[in-house]
Amino acid sequence: MMSRKPSILIVDDEVNVARTLQLVFEHEGYEAMTAHSCAEALPLLSNSHVFDIVMTDLNMEKEEIGLEVARKAMDLRPRPVVVICTGFASMFNSQAALKMHVDYLATKPADLKELTAALNRLVMLRAESSQEDA
Amino acid sequence: MLKMAATTGTQPKIALVVHPDVGVLSAFQSALTQKGFVTIVARDVPTTLLAMTQHYFDLAVVSSHLSEPGDGWPVAGVLHLAFPRCFIGVLAPETSVLILQAAINNGVREIYQQHTAPPEVVSAILAELLPSSPQDSHKVQ
């Protein structure tokens with residue numbers, strides 16, 4: 001069991017989408033932060049913030065640049081649950097996500113119940129496996 | 001469920017193959033055994049669940065179509081939950097965005113075309129596993 005609130009970074013260039021997801025995850029008990037571009041997200045991932053989940057859109061200031069956010073998040077230790085949430089899933093970006101071993105790929109419009117249930121499950125599993133590794 | 005082969009060595013890796021076709025199971029068993037795996041095979045979901053209670057799997061190859069199209073995906077998902085470090089490959093009829101999404105969301109590491117020859121699939125899996133594999137017997141020859 002986690003003693004603190006789980007945290008999520010939501011990266012989406014559509015402010016309304018990011019804000020809505022922030023409210024949804026706050027309602028689920030998360031501490032939710034938003035960033036609206038890859039450029040805004042990368043420094044958050046580089047400094048001392050520890051996120052349990054990093055969820056990113058793909059097409060922001062450039063097409064597919066969300067893969068950079070995902071890649072950076074995958075390199076973090078402890079590694080957060082990495083989620084791509086996109087309205088433009090393609091063979092290219094889905095293959096890239098599979099190769100990168102991201103944890104979840106959601107397509108917009110996302111079913112919020114399904115998304116929150118999946119992410120809650122992934123966070124619990126990650127927490128359990130971290131405890132086992134410790 | 002049939003336990004089809006065992007390797008010499010102290011800690012043989014254990015593979016699970018789930019496929020409705022006995023011919024395919026036999027071909028995978030042969031290919032995996034040649035590479036040093038103990039291979040457990042199952043033709044359906046109940047047998048797969050039974051196998052999961054009896055072994056710890058390092059590798060699994062699952063057909064996306066067991067008794068009906070797509071029912072192999074949740075089997076792969078459950079295998080990933082039970083054995084988080086297990087390499088899971090799924091044999092699928094095609095590669096599409098939906099299939100890639102199913103793979104990612106079920107913890108599948110790689111998709112293989114369902115008609116690919118089993119030795120080719122095994123070689124491809126071992127090539128993926130090699131960087132993290134401590135066992136020389138698993139090298140692709």
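Start with the cover over helix α3 of chain B: the buried residues there are covered by elements including β2 (14-18), α2 (45-54), β4 (59-63), β5 (87-92) and α4 (97-105) of chain B. Helices here are DSSP runs of H or I with at least four residues, strands are runs of E with at least two, and both are numbered from the N terminus. This is a predicted model, where local features need pLDDT of at least 70, side-chain atom pairs count only at pLDDT 80 or more, and totals for chains, interfaces and linings use all residues. Residues are numbered from 1 along each chain as its sequence is written, with chains lettered from A and ligands numbered from 1 in the order in which they are written.

Now select α3(B) itself, residues 72-82: B:G72, B:W73, B:V75, B:A76 and B:L79 are buried (20 or more other C-beta atoms within 10 Å of the residue's own, placed from the backbone; 12 or fewer is exposed, in between partly exposed). Look down the axis: these residues fall within an arc of 160 degrees, so they line one face of the helix (the arc is taken over directions from the axis to the C-beta atoms).

Hop to chain A and pick A:R71, in helix α3 (residues 66-74). A:R71 is partly exposed, because 13 other C-beta atoms lie within 10 Å.

Last stop: show both chains. 7 residues of chain B are in contact with 12 residues of chain A (C-beta atoms, placed from the backbone, within 7 Å).

Notes:
Two residues are in contact if their C-beta atoms, placed from the backbone, lie within 7 Å.
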